[in-house]
Amino acid sequence: MSSNSVDQENIITIAIELSRSIWLIAARLPDVEKPHFHKIDAGDTAALLSHLSSLQCRVLDRSGTTPTLSCCFEAGRDGFWLHRFLFAHGIDN
């Protein structure tokens, strides 16, 4: 592994399904086979950041290292501003 490559073992992969009323967050934590699902109200960025932080804390408690978050979602109605919001909070999309 090169010195500038990402540690694939320490990434939480996030997929967000965006709808007008509910966002469904699917997360794949390192060394966990079953994905974790969570629903929040659409546009509730505080709840989104809180949930992502709780996932990071869960992995940190288990592994001793803070995982990177990598997120994907559709570029529709909410996708563009959400990308800018998450990027501003240090989350790759």
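**Reading the helix, the core and the loops**

Modeller: Let us begin with one residue and its contacts. Apart from neighbours within four places in sequence, Leu-52 is in contact with Ile-14, Leu-69, Leu-86 and Ile-91. Please bear in mind throughout that this is a predicted model.

Colleague: Which residues have the most contacts inside the largest nonpolar core?

Modeller: The largest nonpolar core has 19 residues, and those with the most contacts inside it are Ile-12, Ile-14, Ile-16, Leu-48, Leu-52, Leu-82 and Leu-86. Two or more residues each are given to this core by β1 (11-18), β2 (22-28), α1 (45-63), β4 (68-73) and α2.

Colleague: How should I read the faces of a helix?

Modeller: An α-helix has 3.6 residues a turn, so residues three or four places apart point the same way. In α1, the buried residues are Leu-48, His-51, Leu-52, Leu-55 and Val-59. Viewed down the axis of α1, these buried residues fall within an arc of 95°, so they line one face of the helix. Ala-46 and Asp-61, on the other side of α1, are exposed.

Colleague: Which elements do the buried residues of α1 pack against?

Modeller: They pack against β1, β2, β3 (36-41), β4 and α2.

Colleague: What span should α1 have, given its 19 residues?

Modeller: At 1.5 Å a residue, α1 should span 27 Å; the C-alpha atoms at its ends are 27 Å apart, which agrees. Just after α1, Gly-64 takes a positive phi of about 85°.

Colleague: How far apart in sequence and in space are Ile-11 and Pro-67?

Modeller: Ile-11 and Pro-67 are 56 residues apart in sequence and 5.2 Å apart in space, C-alpha to C-alpha. Ile-11 is found in strand β1, and it is buried, with a relative accessible area of 14%. For Arg-20 and Pro-67, 47 residues apart along the chain, the C-alpha atoms are separated by 30 Å.

Colleague: Where does Arg-20 lie, and which residues is it in contact with?

Modeller: Arg-20 lies in the loop between β1 and β2. At 70% relative accessibility, Arg-20 counts as exposed. Leaving aside neighbours within four places in sequence, Arg-20 is in contact with Ala-42 and Arg-77.

Colleague: What should I note about aromatic residues?

Modeller: The structure holds 1 aromatic pair. Trp-23 and Trp-81 form this pair, which is tilted, with 6.0 Å centre to centre and 35° between the planes. Because Trp-23 lies in strand β2 and Trp-81 in helix α2, the pair ties together parts that are 58 residues apart in sequence. Trp-23 counts as buried at 0% relative accessibility, whereas Trp-81 counts as partly exposed at 31%.

Colleague: How many salt bridges does a search of the whole structure find?

Modeller: The search finds 1 salt bridge, in which the side chains of Arg-28 and Glu-33 meet at 3.8 Å, N to O. The distance is read against a cut-off of 4 Å for such a pair. Arg-28 is partly exposed, with a relative accessible area of 34%, while Glu-33 is exposed, with a relative accessible area of 67%.

Terms used
Residues numbered from 1 in each chain as written. Predicted model: local features only at pLDDT ≥ 70, side-chain atom pairs only at ≥ 80, totals over all residues. Heavy atoms only, no water. Buried < 20%, exposed > 50% of the residue type's maximum accessible area, 1.4 Å probe, protein only. Core = buried A, V, L, I, M, F, W, Y, C linked by side-chain atoms within 4.5 Å. Helix = DSSP H or I, 4+ residues; strand = E, 2+ residues; numbered from the N terminus. Contact = heavy atoms within 4.5 Å. Expected span 1.5 Å × (residues − 1). Arc of directions from axis to C-beta. Phe/Tyr/Trp six-rings, centres within 6.5 Å; stacked < 30°, edge-to-face > 60°.
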